[in-house]
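Hi everyone, thanks for having me.

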Amino acid sequence: MLTQQQIDTFKKRLLKEKAKTEGYMENREEVYDEGELSHYDNHPADGGEELFLRERDQALTELDEEFLSDVDKALLAIENGTYGKCEVCGEDIELDRLEIIPETTLCIEHAREQEENKHLTDQERPVEEDVLNPSETAARKQLDGTDDPGQSTDAFSQVEDFGSSDTIADSEGNHDPTRD
């Protein structure tokens, strides 16, 4: 059982961590636009670096939002008088655990169970799979996106119908009939 002084100390720590994390999130909101109208003259690595930085910041923001949610949950438990007790079994959470992870609302056993269940249900698959259905997106579609089976199977074949830079030597058999 926690004393009121310990609860007040944890509350101060949680509020401090919340303010610090919110500050990080505000400072992370950066604009990655170089101000150019065209990226034609840029090296592809420039675009790759920009994409990496955006994805990194997005991942960090998601982690911070999850952390803030846990902090808010712990602060609510303090207000309700249930801080320091496991929300699943109601047993006291070890003081050592609270000192390391003050935002926790689970004892070590239930935290492990929750983590194991998370890994079983979340098989680390791409998020695109949640919205993409291969039977709907690829069925009856040609590679160029058309539904007509009589059309060419890809966009290059359609463009090639208007002409190409192929020479006679590039044709089937690699035989130039003018040299016979």
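**A walk through the helices**

The chain has six helices and zero strands; helices (H or I, at least four residues) and strands (E, at least two) are DSSP runs, numbered from the N terminus. This is a predicted model, where local features need pLDDT of at least 70 and side-chain atom pairs count only at pLDDT 80 or more, while totals for chains, interfaces and linings use all residues. Residues are numbered from 1 along each chain as its sequence is written, and side-chain values use heavy atoms, with hydrogens and water left out.

Let's begin with confidence. The predictor's confidence in each residue is called pLDDT, and it runs from 0 to 100. Here the chain averages 77, and 59% of the residues score at least 70.

Now, what about the inside? Of the 180 residues in the chain, 18% are buried, where buried means under 20% relative accessible area, exposed over 50%, and partly exposed in between (1.4 Å probe, protein chains only). There is a general idea to keep in mind: in soluble globular proteins, nonpolar side chains tend to be buried together. A nonpolar core is a set of buried Ala, Val, Leu, Ile, Met, Phe, Trp, Tyr and Cys residues joined through side-chain atoms within 4.5 Å. The largest one here has 17 residues, and those that touch the most other members are Leu 2, Leu 14, Ile 78, Tyr 83 and Leu 98. Helices α1 and α2 each supply at least two residues of this core, and α2 gives the most, with six.

How many aromatic pairs does the structure hold? It holds one. Rings of Phe, Tyr and Trp (its six-membered ring) pair if their centres lie within 6.5 Å; planes under 30 degrees apart count as stacked, over 60 as edge-to-face and the rest as tilted. The rings of Phe 10 and Tyr 83 have centres 5.8 Å apart and planes at 55°, so this pair is tilted. Phe 10 sits in helix α1 (residues 4–28) and Tyr 83 in the loop between α2 and α3, so the pair ties together parts that are 73 residues apart in sequence. Are these two buried or exposed? Phe 10 is buried, with a relative accessible area of 4%, and Tyr 83 is buried too, at 6%.
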